[in-house]
Amino acid sequence: MRWQGRRQSTNVEDRRGGRGRKVAVGGGFGTIVLIVLSLLFGGEFTDLVQVDAGGGVPASQTTTPTSSEEDQLAQFVKVVLADTEDVWNKLFQQQGQNYQEPVLVLFTDRVQSACGFAQAATGPFYCPADNKIYIDLSFQRTLSQRLGAHGDFAMAYVVAHEVGHHIQNLLGISRQVQSQRGRISQLEYNRLSVRLELQADFLAGVWAHHADRMFDILEQGDIEEALRAANAIGDDRLQKQSQGYVVPDAFTHGTSEQRMRWFRKGYETGDPSQGNTFETEVL
């Protein structure tokens, strides 16, 4: 991706090096399961973990020096966020609406959000309660080394996906899905969650479409890098890797094929109106 020397977003809180309280994993999930779930880019963090309500004393604040490589990655993420701001401001204005830009929080190890405390193992997430995206930059190593999703545009896809969740929150889509929790079966809710995540993938593709036309950002192989990332985090692939078999009824984010297809559709059309995954019979 062509990003050096370009505008960086100022909607960034750099909390790297900070240490927060521990979190308690809800629902009896073990560490391995939490990591697998987190690699799916959990949209609403409260779906994955339960806030530690024990009122423990926060750990002492420490500062860990950041490497030059990590600082460069932080600059890259800020450029990607700036591009999402420019694209979505334009698209919202075309519809006669104002776009509320999200804040990106960079953290190390663990962080406190309005949705609770999160650990780096949870992966990048969007908190609708404070309109902030949270990313520990070490996730880039997870993408590259553990999941085989190499290249800078794989990380750009991660940021754009979380921005997609922000857009869903602005439009009230996330709240509509959340309102069904407890009112429908877990299986039915899981299916709604899949549609929500696939729509965020679609919106990430829409961003890539318009960002390239506005700023000529794409280099050869960039879209393939995003598709490899989408493939790496499909429910079916992660379940197969973690437990050796696949349970479709437990899917919450979509298969590898679905995630790649919806990102590609967003990129090829650039038309947000074609991303209504909730009215699509066959995903």
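## Around Ala211

Leaving aside neighbours within four places in sequence, Ala211 is in contact with Val87, Asp216 and Ile217, where contact means heavy atoms within 4.5 Å. This is a predicted model, in which local features need pLDDT of at least 70, side-chain atom pairs count only at pLDDT 80 or more, and totals for chains, interfaces and linings use all residues. Residues are numbered from 1 along each chain as its sequence is written, and side-chain values use heavy atoms, with hydrogens and water left out.

Ala211 sits in helix α6; helices here are DSSP runs (H or I, at least four residues), strands likewise (E, at least two), and both are numbered from the N terminus. With a relative accessible area of 0%, Ala211 is buried. The cut-offs are under 20% relative accessible area for buried, over 50% for exposed and in between for partly exposed, using a 1.4 Å probe and protein chains only. Ala211 and Trp88 are 123 residues apart along the chain, yet 9.6 Å separates their C-alpha atoms.

## Aromatic pairs

Let's turn to the rings. There are 7 aromatic pairs in the structure. Rings of Phe, Tyr and Trp (its six-membered ring) pair if their centres lie within 6.5 Å; planes under 30 degrees apart are stacked, over 60 edge-to-face, and the rest tilted. One of the pairs is Trp3 with Phe76, edge-to-face at 5.5 Å centre to centre and 80 degrees between the planes. Trp3 belongs to the segment before β1 (12–15) and Phe76 to helix α2 (residues 68–94), so this pair ties together parts 73 residues apart in sequence. Trp3 and Phe76 are both buried.

Phe202 and Trp262 also form an edge-to-face pair, because their ring centres are 6.0 Å apart and their planes lie at 75 degrees. This pair links distant parts of the chain, 60 residues apart: Phe202 is in helix α6 (residues 186–215) and Trp262 in helix α9 (residues 256–269). Phe202 is buried, with a relative accessible area of 0%, and Trp262 is buried at 3%. Elsewhere, Trp88, Phe92 and Tyr99 are linked into a cluster by ring pairs.

## Where α4 meets α7

The axes of helix α4 (residues 152–170) and helix α7 (residues 222–232) come within 7 Å and cross at roughly 60 degrees. Asp152, Phe153, Ala154 and Tyr157 in α4 meet Asp222, Ile223, Glu225, Ala226, Ala229 and Ala230 in α7.

Key. Axes are lines fitted to C-alpha atoms, for helices over the stretch in contact, and angles run from 0 to 180 degrees between N-to-C directions.
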